[in-house]
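Me: I have a structure open and want to learn how to read it. Can we go feature by feature?

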Amino acid sequence: MEISNRGIELIKKFEGLRLTAYRCSAGVLTIGYGHTRGVKAGDLITARQADEFLREDVRSAELVVNLDVKVWLSQGQFDALVSFVFNLGAGNFVKSTLLRKLNDGNYVGAADQFGRWIYAGKTELPGLIRRRAAERELFLS
């Protein structure tokens, strides 16, 4: 499967667009729509480059979801999971109770796990609360 425009817009909404490198809430150098690979302090990009980075990063998240989810997914479920993996990384996803419940066929139990992923370190972030709620809603749509 591939992410839909709705999924891309969800990621863009919550990542926001920054054309200058910055440190995200976890302290990682980031640019564009949450792109981290190879970013150096002082980097500048164009909006077009940000879109290209986003597409590359989304492809990686799609691959993780396509390989690790063993049950049927609707487009909304797939989009929500790609957003989740994009934000949290493959390692967190593959070890998650969300994935275990999903692969056990417990879709509602999996959806209920989104709300557990609202922290940067030990700090609860309002932006992550909103993002996880939006991902859960999309997953259940």
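Me: Where is leucine 44 found?

Reply: Elements come first. Helices (H or I, at least four residues) and strands (E, at least two) are DSSP runs, numbered from the N terminus. Leucine 44 sits in the loop between E2 and H2. This is a predicted model: local features need pLDDT of at least 70, side-chain atom pairs count only at pLDDT 80 or more, and totals for chains, interfaces and linings use all residues. Residues are numbered from 1 along each chain as its sequence is written, and side-chain values use heavy atoms, with hydrogens and water left out.

Me: Is leucine 44 buried or exposed?

Reply: Buried means under 20% relative accessible area, exposed over 50%, and partly exposed in between (1.4 Å probe, protein chains only). Leucine 44 has a relative accessible area of 63%, so it is exposed.

Me: Which residues is leucine 44 in contact with, leaving aside neighbours within four places in sequence?

Reply: Contact means heavy atoms within 4.5 Å. With those neighbours set aside, leucine 44 contacts Leu19, Thr20, Ile31 and Gln49. The C-alpha atoms of leucine 44 and glycine 32 are 9.1 Å apart, for a separation of twelve residues along the chain.

Me: Now the inside. Which residues touch the most other members of the largest nonpolar core?

Reply: In soluble globular proteins, nonpolar side chains tend to be buried together. A nonpolar core is a set of buried Ala, Val, Leu, Ile, Met, Phe, Trp, Tyr and Cys residues joined through side-chain atoms within 4.5 Å. Here the largest core has 36 residues, and Val58, Val65, Val69, Leu81, Val82, Phe93 and Phe139 touch the most other members. Among the elements that supply at least two residues each are helix H1 (5–15), strand E2 (29–32) and helix H7 (126–140). H3 gives the most, with eight residues.

Me: What does phenylalanine 139 touch, not counting residues up to four places away in sequence?

Reply: Its list is Gly76, Gln77, Ala80, Leu81, Leu102, Tyr107, Ala110, Ala111 and Phe114.

Me: How many residues of H3 are buried?

Reply: Twelve of its 14 residues are buried, so H3 is largely enclosed by the rest of the structure. The cover over its buried residues includes H1, H2, helix H4 (90–94), H5, H6 and H7. For length, take the expected span of a helix as 1.5 Å times one less than its number of residues. H3 reaches 20 Å from its first C-alpha to its last, close to the 20 Å expected. Glycine 89 follows H3, and its phi is positive, near 95°.

Me: Where is isoleucine 11 found, and is isoleucine 11 buried or exposed?

Reply: Isoleucine 11 is in helix H1. At 0% relative accessibility, isoleucine 11 counts as buried. Beyond its neighbours within four places in sequence, its contacts include Leu54, Val58, Val82 and Phe86. Compare asparagine 5, also in helix H1: its relative accessible area is 58%, so asparagine 5 is exposed.

Me: Last feature. Which element gives the most to the lining of the largest pocket?

Reply: On a 1 Å grid over the protein atoms alone, a pocket is an open set of points where a 1.4 Å probe fits, with protein on both sides within 12 Å along at least five of seven lines; lining residues have an atom within 4 Å of a point. H3 gives the most, with four residues. Of the 29 lining residues, Glu15, Cys24, Phe86, Asn87 and Leu88 are the closest to the pocket's centre.
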